[in-house]
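Colleague: I would like to learn how to read cavities and cores in a model. Could you take me through them?

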Amino acid sequence: MALVLVTFTLLLWAGTALKGLQLLRAPDDRLLRTVASGLATAAIAFTVGRHPVEGWLDGVYPGIPSLVRNLGMTAAFYLVLAFFVYSAQQHRRAVGEMLRHRAIVGGLLALAVLTWALAPAQVRLDPRAASYEGFGHATVFQALAALATLYSVFHALRHGVRRVRTAQRRHLRIGLSVLVIGLVGALLANLLSVVMTLMGIVLSPQAPALTAAQLAYVVVILFGIPGVAFGLAYPIVAGMVAAMPVWWRHWRQHRALRPLWSEVTRAFPALTLRRTIGAVRPWSIHARRYRRACEIRDGLVMLAPYYPAAEREDAEGTATTERCAARLREALRARAEARADGSEPVGGEVATVLAPRNGGGAGMDADIRWLVELSTALRRGQFVESG
């Protein structure tokens with residue numbers, strides 16, 4: 001059991017780290033921020049209950065682990081609710097609904113924290129065990145914490161069932177279904193928690209009924225929490241796996257554009273675009289491919305005065321890629337000579353610019369495919385010349 005909990009805690013921290021890195025690249029993504037916060041609070045809640053962290057925190061102030069564990073799990077389920085609300089509704093309506101949820105959950109947790117602070121030290125150390133022995137502070141604390149969690153889980157489950165019915169993508173529907181099953185388990189576990197708290201008032205801690213309820217609680221929570229975590233993670237992982245072919249194609253195109261990009265940026269060193277940090281995620285291969293293509297297209301335009309006079313097939317747009325690469329090599333050579341001796345550019349008219357055979361009207365992907373062909377032809381020609 002201990003090994004399972006440690007493994008699950010490590011997985012939670014790994015998920016938190018992954019979401020944290022993604023959040024650095026897209027700090028304005030509200031849904032990503034919600035998921036990252038939910039994983040972090042769950043990871044903290046599980047960590048404070050592990051040895052030696054629990055013992056160290058109890059040495060700092062008795063009962064801190066039990067408080068953080070209860071608040072952390074409630075916050076995690078509240079953030080699951082926030083994820084559903086923000087992903088399914090318009091911003092203004094979602095903010096209004098979350099204000100209402102925040103007021104109710106926050107009020108219950110504030111009362112729970114106040115009760116915990118006023119409780120004796122032995123109650124603060126383990127409120128659940130103390131509630132079975134009839135301590136009033138422990139019973140109130142456990143009831144308030146369970147009610148806050150029940151409220152969050154119930155409304156998250158309500159939104160989750162609705163999202164499962166409307167989900168179109170298969171991997172999203174599977175993930176949401178597992179998440180809903182996990183939420184059902186969490187709902188049952190928290191109902192059992194309330195029942196055990198009430199049973200502790202009238203039964204002794206050794207009562208068979210209370211022992212059975214405790215066992216059922218452990219079994220349900222061990223299925224519920226991983227189900228919620230898996231349900232949140234599955235659509236993300238499945239989406240990443242489904243996107244791998246696109247990622248691989250974009251990586252190959254980015255790599256294939258390098259010879260052409262190197263020549264163009266050598267001719268115009270100031271051409272490189274500034275890499276801004278924001279929603280475009282500048283470290284992704286998709287953004288780097290797009291930026292490299294934009295820099296190349298700008299360079300081809302800036303080379304216009306250096307191109308040799310256009311021939312008939314160039315004017316008609318029927319020139320082969322090899323012919324375009326030959327004209328580009330001549331333009332680059334003329335640009336290098338002009339930079340070396342400070343002379344004015346000579347050659348074709350400014351309007352004479354290399355362009356895709358489709359005229360640039362088929363979108364950026366088509367332009368990049370043509371630029372890859374041009375880069376390959378340019379590199380092939382360089383090998384021929386050097387040979």
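**Cavity and cores**

Modeller: The largest cavity holds about 180 Å³ of space. This is a predicted model: local features need pLDDT of at least 70, side-chain atom pairs count only at pLDDT 80 or more, and totals for chains, interfaces and linings use all residues. Residues are numbered from 1 along each chain as its sequence is written, and side-chain values use heavy atoms, without hydrogens and water.

Colleague: What counts as a cavity?

Modeller: A set of points on a 1 Å grid over the protein atoms alone, where a 1.4 Å probe fits but cannot get out; lining residues have an atom within 4 Å of a point. Points join across faces, edges and corners, and volume is the space filled by probe spheres set on them. One cavity of 30 Å³ or more is present.

Colleague: Which residues lie nearest the centre of the largest cavity?

Modeller: Gly38, Ala76, Val80, Val228 and Leu232, out of 18 lining residues. Helices (DSSP runs of H or I, at least four residues) H1 (2-25), H2 (30-47), H4 (64-88) and H10 (208-242) each supply at least two lining residues.

Colleague: How do I read a nonpolar core?

Modeller: Take buried Ala, Val, Leu, Ile, Met, Phe, Trp, Tyr and Cys residues joined through side-chain atoms within 4.5 Å. Buried means under 20% relative accessible area with a 1.4 Å probe, protein chains only. Here the largest core has 50 residues; Leu12, Phe77, Phe84 and Leu183 touch the most other members. H4 gives the largest share, 13 residues.

Colleague: What does phenylalanine 77 contact, beyond four places in sequence?

Modeller: Thr149, Ser152, Val153, Leu183, Ala186, Ile225 and Val228, with heavy atoms within 4.5 Å.

Terms used
On a 1 Å grid over the protein atoms alone, a cavity is a set of points where a 1.4 Å probe fits but cannot get out, and a pocket is an open set with protein on both sides within 12 Å along at least five of seven lines; lining residues have an atom within 4 Å of a point.
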